[in-house]
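Work through the exercises below with the sequence and the model open. Each task is followed by a solution in steps.

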Amino acid sequence: MTIGQWSDSIPGNGTFFVGIDIAPGRYLCTDAKGGWWVRYPGPGEGEPVASWPLPEGGIEIEIAATDVAFETHTGADWKRVGGTAATGAGEAPEPRPVADPALRAELDAVAARGMLPGWLVPTSMLMLGLIGSTLLGPFWLLGLGMLAMMITFGSRSLAPDIRRLRELERNRDRYHTLDDFDADGRAMLARAQAALDAVRDSRVNREGLLDAADNAVMLPRQEWEIAQLLARQSRLRADHAEMAGTAALPEVEAALRPLREKLDLSVESVDRRIEALERYAERVRAADEALDAHRRLEKIAAKAHEYDDLVADTVRDDLAIPAIDRLTEQSEALITTLRERLTAAAEAADRLPPAS
């Protein structure tokens with residue numbers, strides 16, 4: 001799983017890196033009883049935060065944008081139910097951490113290296129147990145066997161995650177947390193990520209109408225390259241402010257002016273790159289609207305035959321009207337005849353001799 005390919009869920013077991021595997025936000029696990037989780041904050045953000053054992057029922061946590069990793073061992077997956085804590089009114093949205101798209105695969109390769117075969121640990125322990133049992137009796141063998149099982153399953157489940165975390169620390173230059181950006185850098189990164197997300201989440205992209213394979217490679221790479229440049233610009237702006245100092249000395253300003261101009265050129269270049277992404281996102285949104293109109297037209301076309309049938313039935317109704325009119329005329333003639341006969345019968349009754 002790489003940047004730009006996040007889903008809205010986190011598997012119940014494993015260690016997942018923020019900005020590499022998962023997005024920050026609020027997550028809910030509906031069946032976490034007896035499990036546990038650990039959040040690993042970024043540098044300078046404090047010690048890991050953990051909860052164990054988890055109670056029965058739903059558990060909700062918030063993975064911060066400044067977190068490095070999230071480790072979980074629960075009976076159900078975590079579902080994303082919202083973003084991180086909302087910013088204040090009028091504030092720009094916080095960007096997310098960014099990592100080299102190739103980093104995750106390299107972390108997994110490191111975690112897979114050096115793993116002992118599953119049979120080696122218990123076999124070695126049991127061999128030692130057989131030797132020890134001659135001295136300490138059968139209880140030594142039982143205890144050692146249980147220890148072997150604990151070591152086997154514990155090392156196989158935790159060791160890869162520990163190796164990943166250590167390798168992540170050694171590759172600190174391969175990912176950027178929000179602390180690596182100043183306010184200007186965060187604002188530009190947020191713009192880039194909004195454009196990238198608009199393309200990634202678009203309907204035309206999800207349905208494969210764009211070059212999904214190219215986007216899957218290109219979008220994470222664009223995000224990482226932009227983040228690298230913005231982090232360097234943020235660092236140089238801080239250095240520039242420090243070198244300038246509080247006193248406005250003409251000599252210092254003259255020496256810093258060409259450096260500032262070069263930094264401004266870099267910022268303008270990245271801004272043009274982000275604007276290109278925003279234009280791409282705008283075209284994709286327009287394609288989504290066109291696709292929506294096309295799907296609506298398909299539905300209209302699918303319903304057209306019902307309207308044709310309705311018109312045909314209406315024509316049949318028009319043809320049936322003369323027949324109905326004829327029946328009406330016949331019924332009126334029948335009523336007239338019936339009335340005449342009733343009148344004749346009444347007159348006949350009047351002509352009868354009176355009863356004695």
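**Exercise 1. The cavity**

Which strands each supply at least two residues of the lining of the largest cavity? Describe that cavity in this predicted model.

Solution. 
Step 1. Count the cavities: with a cut-off of 30 Å³ or more, there are two.
Step 2. Take the largest cavity, which holds about 70 Å³ of space.
Step 3. List the lining: 13 residues line the largest cavity, and Val18, Ile20, Val68, Pro97 and Tyr175 lie nearest its centre.
Step 4. Assign strands: at least two lining residues come from each of strand S7 (67-73), strand S9 (98-99) and strand S10 (175-176).
Step 5. Sort the lining by class: nine residues are nonpolar, three are polar and one is charged.

**Exercise 2. The open sheet**

Give the strand order of the open sheet of four strands, then explain why one side of S1 and of S6 is left without a neighbour in the sheet.

Solution. 
Step 1. Read the order: S1-S8-S3-S6, with antiparallel pairing.
Step 2. Look at the edges: strand S1 (9-10) and strand S6 (59-63) each have a single partner strand, so one side of each lacks a neighbour in the sheet.

**Exercise 3. An annotated region**

Compare the UniProt annotation of residues 267-297 with the model.

Solution. 
Step 1. Read the record: the unreviewed UniProt entry annotates residues 267-297 as "coiled-coil region".
Step 2. Check the model: residues 267-297 are 100% helix and 0% strand.
Step 3. Take the span: the end C-alpha atoms of residues 267-297 are 45 Å apart.

Notes:
Residues numbered from 1 in each chain as written. Predicted model: local features only at pLDDT ≥ 70, side-chain atom pairs only at ≥ 80, totals over all residues. Heavy atoms only, no water. UniProt positions renumbered as here; feature names shortened; annotations may be inferred. Pairing = 2+ DSSP bridges. 1 Å grid on protein atoms, 1.4 Å probe; cavity = no way out; pocket = protein on both sides within 12 Å on 5 of 7 lines; lining within 4 Å. Points joined across faces, edges and corners; volume = space filled by probe spheres on them. Nonpolar A, V, L, I, M, F, W, Y, C, P; charged D, E, K, R; others polar.
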